[in-house]
Amino acid sequence: MGETLSARLLSFGQDPRWRRFLVSRLPVGPGDTVIDVACGTGAVALELVRRTGCSVVGVDQSPEMLAEARTRIAGDRITFVEASAQELPFDDASFDGLTAAYLLRYLDDLPAGLAELARVLRPGATAALLDFGVPPAPPARQAWNLYVDAGLPLLGRAVSPGWHEVGRFLGESIRRFHAQWPLPRLLGAFREAGFESASARRLSLGGCLVVWGRRQ
């Protein structure tokens, strides 16, 4: 619940637009199979099927998330598998595309994690990953800091007593990741993992970052 709710609250309701942009990076269609890593309750998987007509294998390490996804989503184009993003149970070059939302910050070893994502893609296939960002422009960053530090935990407390801590954790998690992996270094890690033409787009004044590239 925490990450799904945080996406809605932290994005001011813009996370559906973020997902649409994420999916738009993948040149796939009917007959292709895309792996959606850290699929959660299946929002990106649904967007992929709606926009492209592809088949999707959703992967998440949380059985609770997958149980909710299976309850919400019925159809033969989406299947779900319980597994870690850093040890995907698939052969090399198994998929025609890859998406992942809110995964980057949770990869314990980011270079190794990106290499594992690249491994399961066929050569020429595109991977696109989305995560929260820190706005680079000072006015937007000041407003973001205020909202993350004060507004988000307050809103979370109104929803659930325990969500106050989730709100507090989220801001520090985002700041720590982007301090450790500024965009030039992050794009370099993508290239070293086996992706060419690595690109990035900031959305919502930088509150979202989407990175994508083609498997060499």
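Reader: How many aromatic pairs are there by the rule?
Author: A pair of aromatic rings is described by the distance of the centres and the angle of the planes. Rings of Phe, Tyr and Trp (its six-membered ring) pair if their centres lie within 6.5 Å; planes under 30 degrees apart are stacked, over 60 edge-to-face, and the rest tilted. The count by this rule is five aromatic pairs. Tryptophan 18 and phenylalanine 132 form an edge-to-face pair, because their ring centres are 6.1 Å apart and their planes stand at 75 degrees. Tryptophan 18 belongs to helix α2 (residues 15-24) and phenylalanine 132 to strand β5 (residues 121-132), so this pair ties together parts 114 residues apart in sequence. Helices (H or I, at least four residues) and strands (E, at least two) are DSSP runs, numbered from the N terminus. The model is predicted: local features need pLDDT of at least 70, side-chain atom pairs count only at pLDDT 80 or more, and totals for chains, interfaces and linings use all residues. Residues are numbered from 1 along each chain as its sequence is written, and side-chain values use heavy atoms, with hydrogens and water left out.

Reader: Is tryptophan 18 buried or exposed?
Author: Buried means under 20% relative accessible area, exposed over 50%, and partly exposed in between (1.4 Å probe, protein chains only). Tryptophan 18 is buried at 1% relative accessibility, and phenylalanine 132 is buried at 0%. Ring pairs also join Trp18, Tyr102 and Phe132 into a cluster.

Reader: Over which ring face does arginine 25 lie, at 4.2 Å from the ring centre?
Author: A charge sits over a ring if NZ of Lys or CZ of Arg is within 6 Å of the ring centre and within 35 degrees of the ring normal. At 4.2 Å, arginine 25 lies over the face of phenylalanine 21. Arginine 25 also lies over the face of tryptophan 212, at 5.0 Å from the ring centre.

Reader: What is the order of the strands in the open sheet?
Author: Strands of a sheet pair through backbone hydrogen bonds, either parallel or antiparallel. Two strands count as paired if DSSP finds at least two bridges between them. Here seven strands form an open sheet in the order β3-β2-β1-β4-β5-β7-β6, with mixed pairing. β3 (78-82) and β6 (195-203) are the edges, each with a single partner strand, so one side of each lacks a neighbour in the sheet. β6 pairs with strand β7 (residues 208-215) in the antiparallel sense over seven bridges. The bridge partner of serine 199 is tryptophan 212 in β7.
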